[in-house]
Amino acid sequence: MILVVGSKGMLGQELMALYGDAARGVDVDDIDITDLESVQRVLLTLKPSVVINAAAYTDVDGCQSNTELAMQVNGEGVAFLAMISKEIGAKLVQVSTDYIFDGKKGSPYLEDDLAAPLSVYGESKLAGEMNTWFNPDHLVVRTQWLYGHGGKNFVETMLKLGAEKKELTVVDDQIGSPTWTRDLALAIKALLDKGCQGTYHAANSGFVSWNGFAKEIFRLAGLDVAVLPMTTEQLNRPAPRPLYSTLDCGKLQQDTGFVPQPWQDALKRYLELRPAR
Ligand SMILES: NC(=O)C1=CN([C@@H]2O[C@H](COP(=O)(O)OP(=O)(O)OC[C@H]3O[C@@H](n4cnc5c(N)ncnc54)[C@H](OP(=O)(O)O)[C@@H]3O)[C@@H](O)[C@H]2O)C=CC1
Ligand SMILES: Cc1cn([C@H]2C[C@H](O)[C@@H](COP(=O)(O)OP(=O)(O)O[C@H]3O[C@@H](C)C(=O)[C@@H](O)[C@H]3O)O2)c(=O)[nH]c1=O
């Protein structure tokens with residue numbers, strides 16, 4: 001049985017839908033990953049063969065002023081999951097982020113590139129990656145710019161703002177690959193099906209700025225909204241973000257045969273399937 005930790009989160013919901021009866025889901029009401037006893041109780045009772053950790057503290061600006069909580073959830077919590085999953089002979093899948101990189105490389109990041117997080121969120125997620133080593137049977141899957149059904153995300157924010165405003169200002173100097181949670185869930189399944197271990201990058205293909213992403217969202221949704229440019233410096237949010245954090249997904253393709261679709265196709269499909277709100 002596959003245990004999805006953080007099953008009510010955006011990615012967690014998609015993993016539950018993909019795995020159906022083969023999965024069991026737990027979230028904050030059932031498990032607190034920052035509490036070793038809670039992790040022991042759940043894992044020793046359910047005895048899964050695979051633990052996918054989709055639980056995290058994902059508010060990037062919130063992490064910047066709540067360092068301790070960020071390190072507990074995104075760092076220490078993963079150590080507990082790794083130690084106890086090892087004890088029961090289960091594999092651990094940890095989901096990580098492009099924000100472990102500083103975005104200064106200028107070309108897509110490879111799995112072995114040097115991590116240099118700019119933010120507390122990035123630091124805490126890097127600590128989580130390292131803590132997976134407590135279980136040698138682990139997978140770290142780094143992804144970026146996620147959107148999906150049932151989650152707070154950039155696409156939903158834009159659609160909400162676009163219904164209210166005729167003009168928006170969105171940063172045009174951060175470049176990445178918007179990624180649909182459904183495609184990430186499929187990539188994780190492909191990695192598990194092939195018995196892969198270690199670190200992999202998984203994102204939809206191609207890249208764009210947040211500004212360009214917003215324009216495509218409005219074009220596909222048929223909303224007439226002017227999207228004006230602004231710099232990250234002008235936006236001045238609490239947590240620094242990497243400017244160019246595209247992930248090279250060649251290793252995923254080579255080891256599993258899974259080819260992520262272009263971000264534009266994924267977005268189109270997501271909007272077609274999205275229930276009216
Ligand atoms: N969203 C994105 O753009 C990206 C996300 N990622 C990574 O992907 C993974 C999934 O992200 P996403 O689906 O957006 O996450 P969400 O924030 O949507 O979901 C995370 C879930 O974890 C739960 N949770 C928080 N703290 C704990 C805890 N102490 N114990 C148990 N559960 C807890 C949350 O509950 P509650 O809501 O009640 O706090 C929530 O249900 C994370 O590892 C994230 O870092 C990587 C790159 C991009
Ligand atoms: C709503 C809005 C956002 N923005 C900018 C702010 C930010 O740089 C960018 C995207 O906003 P978000 O708050 O979604 O960005 P952010 O929280 O930084 O998204 C990140 O989340 C974490 C969990 C990850 O792991 C990353 O891969 C990435 O997806 O758009 C505007 O410029 N104008 C706007 O009106």
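Is Leu-11 buried or exposed? Select Leu-11 and look: its relative accessibility is 7%, so it counts as buried (buried means under 20% relative accessible area, exposed over 50%, partly exposed in between, with a 1.4 Å probe and protein chains only).

Before moving on, some ground rules: this is a predicted model, where local features need pLDDT of at least 70 and side-chain atom pairs count only at pLDDT 80 or more, while totals for chains, interfaces and linings use all residues. Residues are numbered from 1 along each chain as its sequence is written, chains are lettered from A and ligands numbered from 1 in the order in which they are written, and side-chain values use heavy atoms, leaving out hydrogens and water.

Stay on Leu-11, which sits in helix α1 (helices are DSSP runs of H or I with at least four residues, strands are runs of E with at least two, numbered from the N terminus).

Next, click ligand 1. Around it are 24 residues, and the closest include Leu-11, Asp-27 and Tyr-121 (near means that a heavy atom of the residue lies within 4 Å). Which element gives the largest share of this shell? That's β4, with 3 residues.

Finally, show backbone atoms. A backbone N or O atom of Met-10 is 2.9 Å from an oxygen atom of ligand 1, and one of Leu-146 is 3.0 Å from a ligand 1 oxygen (polar contacts here are N or O pairs within 3.5 Å).

How values were computed: Polar contact = N/O pair within 3.5 Å; in protein donor to acceptor, adjacent residues only side chain to side chain.
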